[in-house]
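Have the model open while you read.

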Amino acid sequence: MDRVLFGDNQFFGVNHMSEEKARAQAMRFQELPAIVEVLDAAYQEGIRTFMCTTHERVGELCDHFRAHRERYPDYVFYPCMPYAHKYANAVTEVGMLEALRKFLPDEGALGAMLKAGMAVASKDVRAILQLLVDAEMKMFHGLATPVIFVQNVVTDLLLGLGMKQALGYFAEHVRERYGAEPGFITMNLPRLLDVLDELGIDNPIVCANINKIGFRMCGGIEAYEKAIATRRFRPIAMSVLASGAIAPREALEYVCGQPEIQSIVFGASSRANIRHTKALIDELDAQRARPRRPQLAAA
Amino acid sequence: MIRIGLAGLGKMGLSHLAIFKTHPEVEVVAACDPSAYLTDALARFTGLKCYSDFERMLAQEALDAVVISTPSRLHAAMVEQALTRGLHVFCEKPFVLDVRDGERLVELADANERVTQVGYHLRFVGAFQEAARVFACGALGKLHHVRAEAYGPVVLRAKGATWRAAKSEGGGALYDYACHAIDLMNFLAGPPDSVGGAALESLFSRDVEDAVYCTLYYPGGATGQLSVNWSDESFRKMSTKISAWGANGRLVADRQECQLYLREAGMTQAGMRPGWSVRYTTELTDEVWYYLRGEEYSAQVNYFVRSIQQGRTNGTNSFRSALEADRVAALISAQRGAGPARDPRPSQAKSRWARIFS
């Protein structure tokens, strides 16, 4: 995994600080070229991994990357699935069973069973999950997707319900079908790590909010710091700026001060912001690479 | 440990199940839902004891409380069954569709001294709590006007197979969507004593309204406006905003932030300054033990658990409080089709324009 990953919230009207700002961004990134321009800027700054939701517009972006492979020879996607609002809105509109059918292929015994309202056996849950993953992965056909994530709303729902095995099915399917590593996004890091241990998923890739003010770090900032320092997993830090509540240098000092954190994902809309953030991470990493002890003491 | 049973495993029911299951002081004993495909999967994968029948679950399990997340039409009867058996009740919004049912159930809960709560989760959103706090401390001065808006992409096509599209089931934007905004207005300004100029409009739905607009009149002379549309796909998800104008300033809050403008006169309250102050969700949100979709969902569950432990029967979102939202919805519903009051005289302005365009 690269040290710096590029996120996509800014492109799809997601902003945890201001709805006004989210709307302005949705307007700005309405046309695909505006998004490509920002991704190009990030690429030129050395950021070659795009960690993106399986939003339908990402499908259009994939078309662009497929059409211009020569421009991005080493470009990598980390799909994060599903785009939950798509499902949530469908459930509200047509009900849970109907929504499930809507996102599954028409043909096949499973669709027919669901249609008949029959009970679903364990093996079918696994098959349904695989079909849903495949449906989400279609848009990435022919592109490099070395890590495939399950979004926090699903990870955390399964975690809360205690449907741990479904996380295991996901991991297994992503490995077997796509030769990819499974990744897990969560707002409940310590709790999830216990479950991944239980499932025997060794050294998992887990993406969670990691920020200095402890925003959306359920279980508490101390538990997070302890888990990061002592447990065997590959942490990716997201929401490091806590939606802008922390100044960039201070925010990144906190994250870069924890050497076990493997990657940092951030989103930005301007070349200047991308360059600034990337340079800060590089600078702080370089500092850490020099004398270790005084750095840790200072942190 | 508080022993809980859940009825209804739709979107909210599943979300509640996950949250209650993770609560350290709760034991989820059983759940019930008519869809076998769901209960089967849950039973198999999580060992949850599942029923297809509510009454049987109540009869066979020793519960302290139930969580009811069924279609709105079913709330009243299920709440009554649960209260009659002496259980504490958490019920999804809206509380009931008939105010008389609600009054009876409030009395029943009072008589049995049971804890009751309705899922108006916006009262547990940090920014709205801050808005209510600012409002209650009097910084805005005498209330002049309050406005609540809620928009989102729920019904975007002229079909719809769920109960949400059927008026008799409690579907429609008024009871199923606007109730959040109404409750938020009640949270800040208290209940209005009358409503007027209600427009309930269908954009896509055949049987129910997709948009609700209405004026509310408050006892102190202030007015309010409600503007709700669940067929607005320019919003990614439900977006709720409340604004209030008082003699001393203005307040605007949504899920992310609480913006306050105070005139010089409003600054006497401790810690407040004139001009704009903005507080964001990052500073207004308390940590929860488990997060799913938003802190407020966990916070309301924890509040319910604490209420049971402390015997708090008149807390936030009690049946009594939620019934006030139902009353407003009923007032608005009663205006359905009433139409505008027309000036009986021939309009001067109209004839002038008519001349121009003829």
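At what angle do helix α1 (residues 11-22) of chain B and helix α9 (residues 295-310) of chain B pack, and how many Å apart are their axes?

1. One thing to keep in mind from the start: this is a predicted model. In it, α1 of chain B packs against α9 of chain B at about 60°, and their axes are 10 Å apart. The crossing is right-handed.

2. Zoom in on that spot and you'll find B:Ser15, B:His16, B:Ile19 and B:Phe20 on the α1(B) side, with B:Tyr297, B:Ser298 and B:Val301 coming from α9(B). Sorted by class, the contact has four nonpolar and three polar residues, and no charged ones.

3. Now for the two chains. Chain B puts 40 residues in contact with 40 residues of chain A. On the chain B side, α1, α2 (36-46) and α8 (281-284) each supply at least two of the residues that touch chain A.

4. Next, have a look at the strands. In chain B, β10 (residues 223-229) pairs with β7 (residues 143-151) in the parallel sense, over seven bridges.

5. B:Leu216 stands opposite B:Gly224 of β10(B). The hairpin of β9(B) and β10(B) has five residues between the strands, and B:Gly221 there takes a positive phi near 100°.

Notes. Residues numbered from 1 in each chain as written. Chains lettered and ligands numbered in written order. Predicted model: local features only at pLDDT ≥ 70, side-chain atom pairs only at ≥ 80, totals over all residues. Axes fitted to C-alpha atoms, helices over the stretch in contact; angles between N-to-C directions. Helix = DSSP H or I, 4+ residues; strand = E, 2+ residues; numbered from the N terminus. Left-handed = near helix turned anticlockwise from the far one by under 90°. Contact = placed C-beta atoms within 7 Å. Nonpolar A, V, L, I, M, F, W, Y, C, P; charged D, E, K, R; others polar. Pairing = 2+ DSSP bridges.
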